[in-house]
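Welcome! Take a look at the structure first, then try each task before reading on.

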Amino acid sequence: ITIDTHDAKDFDDALSLKILDNGNYYLGVHIADVSHYVKENSIIDDEARFRATSVYLVDRVILMIPERLSNEICSLKPNEIRFAYSVFIEFNKNGSPVNYDIKESVIKSKRRYAYEEVLDIINSNDSNKIKSNKNNISKDANTELILSLHRLSEKLKKRRLESSGINFSTSE
């Protein structure tokens, strides 16, 4: 799944998660593979390197790469097969990393979520119906995925804070 702002047009990262037979988490973090379409030292690559990042303004976005690449061809849209770079990390039940692997991959995102939708799902954690914005979302595999991702994130946050990590208090 991808999780972005409600008005996002490009989906450049996605998450997947499996619970293994031994109870461990198998997390996939997937980043859109723009390099599959933009060859090194090409005109587009040189311009992207010059820009360094996309710039998000109140009324427009100045993209690092052409819009057709950013918002269409490379975007990890739901139900579209896309090239990605993926990091697969196995975490034990306590959230400690056990193993990882970095691979070129081909993925197909199942669904796009907005941050507010995900927060509604996490906050309600109701086994019957979950109210999200104007829609009623039944508890399904994607809802279970979000709740499992949240449980893993809480374990990782706890480990980080126990290891003298800093907890920045921000409104984001």
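**Exercise 1.** Find out at what angle helix α3 and helix α4 pack, and which residues make the contact.

*Solution.* 
- Step 1: locate the two helices; α3 covers residues 115–124 and α4 covers residues 141–162. Helices (H or I, at least four residues) and strands (E, at least two) are DSSP runs, numbered from the N terminus.
- Step 2: compare their axes, which lie 10 Å apart at an angle of about 80°. Axes are lines fitted to C-alpha atoms, for helices over the stretch in contact, and angles run from 0 to 180 degrees between N-to-C directions.
- Step 3: list the residues that touch (heavy atoms within 4.5 Å). Helix α3 brings V118, I121 and I122, while α4 brings T143, I146, L147 and H150.
- Step 4: sort these contact residues, which gives five nonpolar, two polar and no charged. Here Ala, Val, Leu, Ile, Met, Phe, Trp, Tyr, Cys and Pro count as nonpolar, Asp, Glu, Lys and Arg as charged, and the others, Gly among them, as polar.

A word on the source: this is a predicted model, in which local features need pLDDT of at least 70 and side-chain atom pairs count only at pLDDT 80 or more, whereas totals for chains, interfaces and linings use all residues. Residues are numbered from 1 along each chain as its sequence is written, and side-chain values use heavy atoms, with hydrogens and water left out.

**Exercise 2.** Work out the order of the strands in the four-stranded open sheet.

*Solution.* 
- Step 1: follow the pairing, where two strands pair if DSSP finds at least two bridges between them. The order is β2-β3-β6-β7, with antiparallel pairing.
- Step 2: look for strands that pair on one side only; these edge strands are β2 (13–19) and β7 (97–108).
- Step 3: check the twist, which averages 20° from one strand to the next.
- Step 4: zoom in on β3 (residues 25–32) and β6 (residues 81–91), an antiparallel pair with eight bridges. G28 has F88 of β6 as its bridge partner.

**Exercise 3.** Decide for N41, A52 and L63 whether each is buried or exposed.

*Solution.* 
- Step 1: take N41, in the loop between β3 and α1 (43–51). N41 counts as exposed because its relative accessibility is 54%. Its phi is near 65°, a positive value in a residue other than glycine.
- Step 2: take A52, in the loop between α1 and β4 (55–56). With 56% relative accessibility, A52 is exposed too, and its phi is near 70°, again positive in a residue other than glycine.
- Step 3: take L63, in the loop between β5 (61–62) and α2 (67–73). L63 is buried, at 14% relative accessible area. Beyond its neighbours within four places in sequence, L63 touches R51, S54, S70 and N71.

**Exercise 4.** Describe the whole protein: how many helices and strands does it have, and what share of its residues is buried?

*Solution.* 
- Step 1: count the elements: four helices and 10 strands.
- Step 2: turn to burial; of the 172 residues, 33% count as buried.

Notes. Buried < 20%, exposed > 50% of the residue type's maximum accessible area, 1.4 Å probe, protein only.
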